[in-house]
Structures are given as C-alpha cells and as structure tokens.
Amino acid sequence: MARTKEFDPDAVLQSALELFWRRGYEATSMADLVEGLGIARASIYATFGSKHELYLRALERYAEQSNPVLLAELSQPGPVLPAVRALVRRFAREAAEDGLKRGCFVTNTAVELAPHDRDSARRVEASLGHLETVLTAALVRAQAQGELPAGRDPRALARMLLVLMQGLRVIGKAGEGAARVRDAAEQALTLLA
C-alpha cells in the first residue's frame, strides 16, 4: 500500500526557494535542505528529484510569483511612464534596503549558475526575456499615448532598464551602495523624458 505524503510539496518548494535565495545553490547542501525543509532526504529525492532539479523548480516558482506582479504594475490603464518610473524606483529601493542581501533570485542564478549550467541559463533568459517584453510593451504604449517621443526606441530603452534594474540588485548585494543605487536609477529615468 502506497504511503501518502506527510508534507505539502507546495509549501516545501516555497521553503526551498527561500533557502536557496538566501544562501545560493552551492552554499546550500543537501543536509541544509533536509534541516531547512523538515523532510527526509529520500522525500526530497522522491518528490523533487536532485538538488539541482529542486533548485530549478524553485527558480520557476520565483518567476511565477514575480512575473504577474510586474505585468500588473505596467498594464494599468492611463499614463504608463509613472508606472515604469515607480517600478525602477521600487527595484532601487529594494536593492538599497535589502537587509538580508538576497538580491534577485534570477540575477543570483545568472551570476552563480548560468555561465556553466544550461538549464539555469535557459530559465534566467526566459525570466529576463519576460521582463524585457513587459517593459517594451509598456514603453510602446507610452509612445502611442504621447508620453515618450516618437524617435525613441522602446525596445532599446526596455533593455537599458532591464540591465539597470538587474545591476541595481547586484550592487545592492554588495553592501553600502544605497546612494549609488538611487543615483543610478534616477539618472536612468531621465532618459524616459
């Protein structure tokens, strides 16, 4: 007779996301996962596969949680550029105030794993591509509404903002960069005028 799971796989995945996000992939051992998730090693393997597979699922979960929020923030009716500015400022504020120095889970993965792990690199690219697409669509809409001059390239601006926002998260992890992060964000926003 098959045993039923004595844990909620969804809650365990969320806990794994938090643990990997805080510590990184390499610094999180299987023993850390067993202790942090409160389930046996065999249960982790049976439910999620390897540590790597669990990490990839946690990364996908992070994107599933983040992407709808970004889309909602930039898809509101009315003027678009205030929403874009608010998003960039939120990224800067979060980077400057990140007491845990977690940064962005996608950016952390891009730095730690993507250079040598194709599966991670694909997921990072998908997440960054989604953000670029959402930003581009918002800036196209801003241009159509007359908020952005006709000669500006919405896709190039979206890419600049994407790189800036991810860079803000990296600098925020480094420590004492709050003023640097805020100044960079405000300077970049002048390009949207």
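Visitor: In this predicted model, why are helix α5 and helix α8 called roughly parallel?

Guide: Helix α5 (residues 81-97) and helix α8 (residues 154-174) pack at an angle of about 20°, their axes lying 8 Å apart. Angles under 35 degrees count as roughly parallel, and that makes α5 roughly parallel to α8. The crossing in which α5 passes α8 is right-handed.

Visitor: Which residues make up the contact of α5 with α8, and how do they divide into nonpolar, polar and charged?

Guide: On the α5 side the contact is made by Val84, Leu87, Val88, Phe91, Ala92, Glu94 and Ala95, which meet Leu161, Leu164, Met165, Gln166, Leu168, Arg169 and Gly172 in α8. These residues of the contact of α5 with α8 divide into ten nonpolar, two polar and two charged. Glu94 and Arg169 also belong to a network of salt bridges that links them with Glu73 and Arg90.

Visitor: What makes the pair of Glu186 and Arg89 a salt bridge?

Guide: The side chains of Glu186 and Arg89 meet at 2.7 Å, N to O, and the cut-off for a salt bridge is a nitrogen of Lys or Arg within 4 Å of a carboxyl oxygen of Asp or Glu, so the pair qualifies.

Visitor: Why do Glu186 and Arg89 count as partly exposed?

Guide: Glu186 has a relative accessible area of 34%, and Arg89 has 35% relative accessibility. Because buried means under 20% and exposed over 50%, with partly exposed in between, Glu186 is partly exposed, and Arg89 is partly exposed too.

Visitor: How do you know that Asp119 and Arg122 are separated by about one helical turn, and what makes their pairing a salt bridge?

Guide: Asp119 and Arg122 are three residues apart in helix α7 (residues 118-144), and therefore about one helical turn separates them. Their closest N and O atoms are 2.4 Å apart, which is within the 4 Å cut-off, so the pair counts as a salt bridge. Asp119 itself, with a relative accessible area of 28%, is partly exposed.

Visitor: What makes Arg23 and Asp32 a salt bridge, and how many salt bridges does the structure hold?

Guide: The side chains of Arg23 and Asp32 meet at 3.1 Å, N to O, and because the limit is 4 Å, this pair is a salt bridge as well. Arg23, at 40% relative accessibility, counts as partly exposed. The structure holds eleven salt bridges.

Notes
Residues numbered from 1 in each chain as written. Predicted model: local features only at pLDDT ≥ 70, side-chain atom pairs only at ≥ 80, totals over all residues. Heavy atoms only, no water. Axes fitted to C-alpha atoms, helices over the stretch in contact; angles between N-to-C directions. Helix = DSSP H or I, 4+ residues; strand = E, 2+ residues; numbered from the N terminus. Parallel < 35°, antiparallel > 145°, perpendicular 65-115°, else oblique. Left-handed = near helix turned anticlockwise from the far one by under 90°. Contact = heavy atoms within 4.5 Å. Nonpolar A, V, L, I, M, F, W, Y, C, P; charged D, E, K, R; others polar. Buried < 20%, exposed > 50% of the residue type's maximum accessible area, 1.4 Å probe, protein only.
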